[in-house]
Amino acid sequence: MKRTDDRLLPVLLICAQAVVWPGAALVRGAVPPASALLVAALVAGVVTAALALRRARPVTTLVVVAAACALGAGPLPTGAMAVLGTAGVALALFTLATERDAFTAVLSVVALAAWQLLYNLSLHGLSDRDGLDLVLTSVLYAAACGAGLLVRRARRAREAAERLLHRAESERHRLPAVERRRMERELHDVSAHHLTAVVVTAGAALGLRDRRPELAAEALKFAAETGREVTRALGAVRAPAPSREDAPSPEEGLLDLVAGFRRLDQRVDCEIDPLPDGTVADAAYGIVREALTNVARHAPGADTRVRVRYGDTRTDVQVTSAAPPPGAVAHGAGLGGGRGQAFLRSRAREAGGTLTTGPTAAGGWDVHAVLPGRTAAPVERSLPRSYRLAQLTAAAGLVVQPLLPLLVIRAEEMPSGGRVSAGVLFALLVAAQAVALLWLRRAPRAALGILFGLALLWPVAMATGGYTGPVVLPPALSLLATCAALAADAAGTAAGPSPAGNRPRLLLPALPALPVAAVAAHAAAATAAVLDRGTTVPVWAVVAGTTAAASLAVGAARRAGALRGRRDRAARGTREERLAAWTEEAVRDAWAERRRIAAGLETTVLSRTADMVAEAEAGRLDVTAERAREALAAMRALLDAVREGETGPDLRPQPTLQALDLLAHQLRATGRDVEIRLTGRVPERLPTAVDLAAYHAAETVLAAVGEEPAVLELDADEDRLTLTATGVPRAADPGVRERLTTRVTALGGTLTTGPRGTVRLRLPLAAAPGDEKRER
């Protein structure tokens, strides 16, 4: 993914620092000493070099930048490290949050804030300063970390969307070939078993007609029954029922693979989850097959465990074998070509995953592949607990480090007072706001209520702690957290429901005046703070000013959140349109393959098979044998044409309900959990208009499927066809509902939506005149 070129940011920070110091001092006519300039240049060089490598080594960059700025702040005058110590560290934190996991980012912010607190404590003592600078710095660091985490989450969402589109595009080209191979396989089975058996039986009966005339009657009966069976089998090849899978599922294929190795005296235990057809299932099958083959070659008889776990974000494929039993002889050790490991890694890489192999502690071998899961999320390796423990130990060591000079060198007592520092109270309020924001998605009403209540406590903390700094700064910190919450709500509301349908609404429809309440709470807090400090401005002017400022901030936050939500919704709509278009194209191409091969069956094999049955029923064995040979030759010619892709003109007819199995296959291959059920009351032949409308309605409904499982059931009574879909939360969206209404009302049908993503369509089965002859 392309990223913005921000390599000049460290240089801009150095320039900004030079303007603050020594630029400002030089303008006033105060020339800094050469030693101070040398120290500043050394610190600036180290910080610039570290920030240039922040993408590759974000944690190291943060430690180097913070340590360099802290060491440089000692001998240098105030302001000499102001920009590098705040903006430089914030940039390093932002990069760390975008490049590393959330645990590392949050741990870095907490450790850095605690380190800075103890550093100031060891130098100045707790009551020498009011601590507001520490609170502001911590808020800056937390904001930088939060922005980085949001950017990381947005980037991961875009990458997951791109992976999903890539999977859909690959499956779009794959589905027609899969359908062609399915029909080719089944046609071959029919020709190899049924028609060949008729030819052999008829030929044998003709050869023994003089000596055993009773064989002729048996051969004629067998030819008639087999011909009718061929007709039924070819009908299933042309139009398989959507409610059943002709080919074995990936889970069944893996179980059959394991059973085959068990028949070779391999002791294999397996735990296999159902997998959707597609690239991931193919890769899992190939990896398990290659791994079991290697076990059979190099460790025959070893206990082997196969585990396939299909989850939302990842699919784990693991084959672990124990040491071979004593006395086992590896007869196939020299049969490999030496490319097995490369094959395994290439299969995992092509599916968008990773693979690791290596010996186990018990002397066996382990093959572990991590492939994309249901949502096609990027595959990340899980970090061991020992690594997390090392992170916590390093953070604790860095935090305690500023206390060493205090404990070893300084022996005087820390100054103390009877009043609690305002900085401590501010830090507690900021921590409470952070906790409320963390619970915003789970308990939105409680989180917003806490934020409003905390806003009224800031003036109390200012008065209790004897705060003497800028009067509007503490209320502004409270307003910042509330604006973040309101912006998140506006973004979620504008973006609409998530694909999974479980995005919590932060605001209730019965509370449209919540932004007004936010403005009132923060305006009251700011007014109380100003009046407590004392002012000559009239009270009404203070109230008007604070209300206007709070209104502008809340309005800007809501506006920014709404813009972001609409942008996310537009991007999601574009992605879903591309997915729907590619799914439609894949199904149409596969349907065209089926129709072309079916046309060849109609004009060649089926007609000759019908003639064979007619001749057998008429008692003409020699003509029956000839018709069977013609049908077999026509079948082989059709198979050759299928392999060469020359089965007829390139027509792309409109799919009907008979193509629902192709639609379900394509949707499952792209990671969506879809099940299609047909009851026995659905007639085999429907009016053309109803058939087409029902298919397109089903296609529209299933295109709106999200991450949760969806079921589409088709039923019929005497005069209506009913389509009921469950697990489709976005079926009630205006765009989806409009398309469904267009399909249904054209035939006089009805559309109803129910709770929990349920939609029901009813179409009349009465066909208009001429419907059976036209196809839209």
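1. D568 is partly exposed, with a relative accessible area of 37%. This is a predicted model, so side-chain atom pairs count only at pLDDT 80 or more. The salt-bridge partner of D568 is R564, and their closest N and O atoms are 3.8 Å apart. That value sits inside the salt-bridge cut-off, which is a side-chain nitrogen of Lys or Arg within 4 Å of a carboxyl oxygen of Asp or Glu. R564 is partly exposed too, at 33% relative accessible area. Both residues lie in helix α17, and because they are four residues apart, about one helical turn separates them. Elsewhere, E271, D273, R305 and R309 form one network, joined by salt bridges that share partners.

2. How many salt bridges does the structure hold? The count is 17. One of the pairs is E617 with R228, where the side chains meet at 2.9 Å, N to O. E617 is exposed, with a relative accessible area of 56%. R228 is partly exposed, at 36%.

3. R314 and D316 make another salt bridge, with 2.8 Å between the closest N and O atoms. R314 is partly exposed, at 24%. The boundary matters here, because buried means under 20% relative accessible area.

4. Now the cysteines. A search of the whole structure finds zero disulfides. C15 is partly exposed, with a relative accessible area of 43%. C483 is buried, with a value of 11%.

5. Helix α16 spans residues 514-533, 20 residues in all. From its first C-alpha to its last, α16 reaches 29 Å, close to the 28 Å expected at 1.5 Å a residue. Its buried residues include L514, P515, V519, H522, T527 and V530. Several alanines of α16 are buried as well, among them A518, A521, A525 and A529. What covers these buried residues? The cover includes α14 (444-464), α15 (473-495) and α17 (539-618). Just after α16, G534 takes a positive phi of about 100°.

6. W458 deserves a look in the viewer. W458 is found in helix α14. With 0% relative accessibility, W458 counts as buried. Which residues does W458 touch, not counting those up to four places away in sequence? They are F426, L429, V430, Q433, P474, L477 and S478. S478 is 20 residues from W458 along the chain, and 7.6 Å separates their C-alpha atoms.

7. Strand β4 (residues 354-359) pairs with strand β5 (residues 365-372). The sense is antiparallel, over six bridges. Within this pairing, T356 has H368 in β5 as its bridge partner. The hairpin has five residues between the strands. G363 takes a positive phi near 90° in this hairpin.

8. Which order do the strands of the open sheet follow? The five strands run β6-β7-β8-β10-β9, with mixed pairing. β6 (674-678) and β9 (750-754) stand at the edges; each has a single partner strand, so one side of each is left without a neighbour in the sheet. Neighbouring strands of the sheet are turned by 15° against each other on average, direction ignored.

9. V674 has A710 in β7 as its bridge partner. Helix α19 (residues 660-669) lies across β6 and β7, at about 165° to β6. Helix α21 (residues 734-745) packs on the sheet as well, touching β9 and β10 (758-764). The direction of α21 makes about 150° with that of β9.

How values were computed:
Residues are numbered from 1 along each chain as its sequence is written. This is a predicted model: local features need pLDDT of at least 70, side-chain atom pairs count only at pLDDT 80 or more; totals for chains, interfaces and linings use all residues. Side-chain values use heavy atoms; hydrogens and water are left out. Helices (H or I, at least four residues) and strands (E, at least two) are DSSP runs, numbered from the N terminus. The expected span of a helix is 1.5 Å times one less than its number of residues. Buried means under 20% relative accessible area, exposed over 50%, partly exposed in between (1.4 Å probe, protein chains only). Contact means heavy atoms within 4.5 Å. Two strands pair if DSSP finds at least two bridges between them. Axes are lines fitted to C-alpha atoms, for helices over the stretch in contact, and angles run from 0 to 180 degrees between N-to-C directions. A disulfide is a pair of cysteine sulfur atoms within 2.5 Å.
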